[in-house]
Amino acid sequence: MANPPEDPRSPPAPRGNGPFLLTRSNVIATAILLASCLWLIWWFWDRSNYVFVSDARISATIVTVSARVAGRVRDFPIDEGQTVSKDQQLGEIDSRKARIRLAEIDAKLRTTQAEHARQERQLQLTREQITSRITAQKSRVQAMQSTLSGSRVALNQAKRDWRRAQSLLEQENISREMFEQRKANYDRARETLNERRAQLAEAEAALAEAEANRAQVEVLKAELAVIDRRQQELEVDRRRAKVEIEDHVIRSPVDGVVDKTFINAGEYVSAGQRIVMVHNPENIWVSANVKETEIRHVQPGSAVIVEVDALPGKPLEGEIVRVGHAATSEFSLLPTPNPSGNFTKITQRFEVKVDIDQIDGFLKPGMMVELKIVIE
């Protein structure tokens, strides 16, 4: 009896012998299993060669510029995103009062300088006058001393003549008139000596008075020193006023871009009020927190593969430049004491700084990145 024809819609008969049949499902399952094994092997290899951090981000030094003085903002032409250079003027606070104060100090300083110059001239004139008077009195004293010496010699001579005349008169060798003349000469010489002594004493007294006038020089010097100190105080006040005027000018502390502005022209600001935030886009790095169980594999100089979420498929190269010496929990404002005795162990993290290069200003603070730190 002939076999019936096969239905073309019926599935083909399984091929092969044994329990394993080469069906499509078996091939797919085998391929998935093989791929899973390969992926698992790669995963174990990857985890053994790299430390992974998935919650890292790009950081930068964001500088907050605050008002140094209180006042109304007269000019503030800066917009967010604008590029600025170091010491560039960002705005200005009304400084009219400070400038008036500076003008007042300048006027006082000019007056003090004129008084200082007048006092110096007075000191010089007084010194010259006293020196001249002392010199003149010294010359007079010397002259009186010379005259006194001559008067002593004349007195001694007149005394000898008078005594000789007295002896001669007793012997009747001279006349009475000659004796009286010799005695009168002696009396005049004695009076002249006394007069010269009085004149010398007067000259010495005048010299002492002239030398005592030197104290006037010291008094003038003391007054000049007081004026000097007053002038120095005014110069300090002037520098302080100039600094105060400079404080009314808002300047950028760094080269960078303006991230955020907090005021507008015409507003009144207080001292210490935040005005603008600036950062240098060229000075960026990656800040990451590594688990304490993996921190032993991380050290300065280790190579890092940086994958930026904003640049998928374009890994960057980096290098670790600093590893924190304390867990991030130690810097928390709210400590977590354990007075009740209930304790839950939490894996601590250490901050790691990774140096990377900027890409045409594209990398910005706050961008999320993933790190693969090479285990050496």
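Here is a short tour of a sheet, a helix pair and a pocket in this predicted model.

Four of them form an open sheet in the order 5-4-2-7, and their pairing is antiparallel. Strand 5 (249-251) and strand 7 (268-269) are the edge strands; each has a single partner strand, so one side of each lacks a neighbour in the sheet.

At the strand 5 end, the partner is strand 4 (residues 89-93), and three bridges join the two in the antiparallel sense. Within this pairing you can find Gly 91 opposite Ile 250 of strand 5.

## Helix 2 against helix 4

Next, have a look at helix 2 (residues 96-170) and helix 4 (residues 214-247), whose axes come within 9 Å and cross at roughly 165 degrees. Angles over 145 degrees count as roughly antiparallel, and the two helices are therefore roughly antiparallel to each other.

The crossing of helix 2 past helix 4 is left-handed. Sorted by class, their contact holds 17 charged, 14 nonpolar and eight polar residues.

## The second largest pocket

Strand 5 turns up again here. The second largest pocket has a volume of about 250 Å³. It is lined by 15 residues, and those closest to its centre are Val 65, Arg 68, Val 249, Ile 250 and Arg 251.

Strand 1 (50-66), helix 4 and strand 5 are the elements that each give two or more residues to this lining. Strand 1 provides the largest share, with four residues. By class, the pocket lining is made up of seven nonpolar, five charged and three polar residues.

How values were computed:
Residues numbered from 1 in each chain as written. Predicted model: local features only at pLDDT ≥ 70, side-chain atom pairs only at ≥ 80, totals over all residues. Heavy atoms only, no water. Pairing = 2+ DSSP bridges. Axes fitted to C-alpha atoms, helices over the stretch in contact; angles between N-to-C directions. Parallel < 35°, antiparallel > 145°, perpendicular 65-115°, else oblique. Left-handed = near helix turned anticlockwise from the far one by under 90°. Nonpolar A, V, L, I, M, F, W, Y, C, P; charged D, E, K, R; others polar. 1 Å grid on protein atoms, 1.4 Å probe; cavity = no way out; pocket = protein on both sides within 12 Å on 5 of 7 lines; lining within 4 Å. Points joined across faces, edges and corners; volume = space filled by probe spheres on them.
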